[in-house]
There are 2 protein chains.
Amino acid sequence: MSSTMEPLKARRLYLLLREQILSGEIAAETKLPSEPTLAQDHGVSRVTVRRALDKLASDGMILRRPGAGTFVNAGGKASMPVVADFANVLTHLVEMGRKTGVKLISFGYVAATPQMAEELGLDPGEKLQRSVRVRLIDGQPFSYLVTHVPERIGMSYSEADLASTPLLELLERSGLVAERANQVIGATLAGPEVAAALDLDIGAALLSMTRVVFEPSGRGIEHLQALYRPDRYSFHMDLARTGDDGARRWTPADAVRTAGNDK
Amino acid sequence: MSSTMEPLKARRLYLLLREQILSGEIAAETKLPSEPTLAQDHGVSRVTVRRALDKLASDGMILRRPGAGTFVNAGGKASMPVVADFANVLTHLVEMGRKTGVKLISFGYVAATPQMAEELGLDPGEKLQRSVRVRLIDGQPFSYLVTHVPERIGMSYSEADLASTPLLELLERSGLVAERANQVIGATLAGPEVAAALDLDIGAALLSMTRVVFEPSGRGIEHLQALYRPDRYSFHMDLARTGDDGARRWTPADAVRTAGNDK
């Protein structure tokens, strides 16, 4: 996948067809109209149609059968390759037997923003160690991790430690106690730096997770912003329906089911 | 927010600055370079710079202080307006006292894809009722819901019922037992139809949730694909660190914390 952005009209047609396929509006196995017909229907050039179809094909959403035409792929996008435990992504992947690696992209000390100072409970003027890492699964970039750690804590390990050992492990080895954390899960777009690091197009969708880790005193010891490629990772939950009539609701069944990838 | 896509160079610059602000590379309260300087630094026109800055300002990521310049907003994007329970989004929002509404966009019967037939355990040739709805919170579009229900089940309620009552409630009222479900959370991009329905730009990031609901016999009764605006909804978990040294991991603390929005 290249990191150049395709022209706007092709991107628009790509997003339209993708949406119609994902939502079931165009059913699996449907034969798409020919390129000239698509060009006419959407008022665009054949080059634009071809660009949009190329992207759909590289996503695995359509299949080109020479001599027969272009078909919506029945397998499609719905099956996600890595289904995991959102609280312990890395641990879970290692338990699944996946080979993981990490690349340290940057490391340094920065001033805290007022918001981060408040979230972490910093002393006035206290600096933060900021690192950027990319996590690989089976050699493929998979997550982009920006961490901020109070300077006094960051002093306990080196840049080289961080390039080889998970941050939380370094913190716990240094005697700190990670007691609790809160995390928020959302979605965002890949900017140029993240896109290049994760081998995605600029403007691709990313699953985001922000986690703040606290020690028993209530002070923050780590602020993590993680961005995940949604085609290489997704979060899976099993739910059970509980409660009485009129107040029935979903409850996580055994919290999180873990499943391998046999695709 | 308009649903037209801004020109590519402006979008690229917007995504670059946004990424640098979100990752802390450009700190909060930082004064941005002037428009001519940004234009020169990035090799683009001033019109392009202005478009990118307009979008950042409308996102609330930068503040223009007349006479003083343009500054990174300290409040920024990190505070999410709606923090909720991913298993019971609608119930949770109602409990928070938010006014919700629904718009039925389309309703009809379609052939099942092989994948959906397998997931739901359909009889050969069994059709599906397909509906598209938009859920509103306080009058603002918030989620885009595509549901597929086996035809024999969908017959138990009308199009008008679906426009006023949550689908699962209709199913349970008709005597069906929803016993368990599985759900997958990911991220995707808004195509033109979803963008128009949710009042977003084409290509905006969306949080996605796919849930399949099963009755005790193991057959599926509902397949839901939900797309959420990440600026109007995000998923929050509290975690506790449990287990012995060397095997410590995060466990959901009381599953999900619910928090209001006082912004």
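A salt bridge here is a side-chain nitrogen of Lys or Arg within 4 Å of a carboxyl oxygen of Asp or Glu. With that in hand, you can look over this predicted model, which holds 26 salt bridges over all chains.

**How the two copies are related**

**The contact between the chains**

- Chain A puts 74 residues into the contact, and chain B puts in 74 residues too.
- The size of an interface is often given as the accessible area lost when the parts come together.
- For chain A and chain B, the buried area is about 6,500 Å², and carbon and sulfur atoms give 56% of it.
- Between the two chains there are four salt bridges.
- Take R241(B) and E172(A): their side chains meet in a salt bridge, at 2.8 Å from N to O.
- Polar contacts also link chain A and chain B, with a count of 29 residue pairs where both are at pLDDT 80 or more.
- On the side of chain A that touches chain B, the largest share comes from strand β7 (residues 180–189) of chain A, with 10 residues.
- Sorted by class, that side of chain A has 37 nonpolar, 19 polar and 18 charged residues.

**Strands that pair across the chains**

- Strand β10 (residues 234–242) of chain A runs antiparallel to strand β7 (residues 180–189) of chain B, and the two pair over six bridges.
- If you want a place to start looking, A240(A) has R180(B) as its bridge partner in β7(B).

**Inside chain B**

- Strand β10 (residues 234–242) of chain B also pairs in the antiparallel sense with strand β11 (residues 249–252) of chain B, over four bridges.
- In that pairing, L239(B) has P252(B) as its bridge partner in β11(B).
- The hairpin of β10(B) and β11(B) has six residues between the strands, and G243(B) takes a positive phi near 95° there.
- Elsewhere in chain B, the side chains of R50(B) and E35(B) form a salt bridge at 2.9 Å, N to O.
- R50(B) sits in helix α3 (residues 46–58) of chain B and E35(B) in helix α2 (residues 35–42) of chain B, so this pair ties together parts that are 15 residues apart in sequence.

Key:
Residues numbered from 1 in each chain as written. Chains lettered and ligands numbered in written order. Predicted model: local features only at pLDDT ≥ 70, side-chain atom pairs only at ≥ 80, totals over all residues. Heavy atoms only, no water. Contact = heavy atoms within 4.5 Å. Buried area = accessible area lost by both parts, 1.4 Å probe. Polar contact = N/O pair within 3.5 Å; in protein donor to acceptor, adjacent residues only side chain to side chain. Nonpolar A, V, L, I, M, F, W, Y, C, P; charged D, E, K, R; others polar. Pairing = 2+ DSSP bridges.
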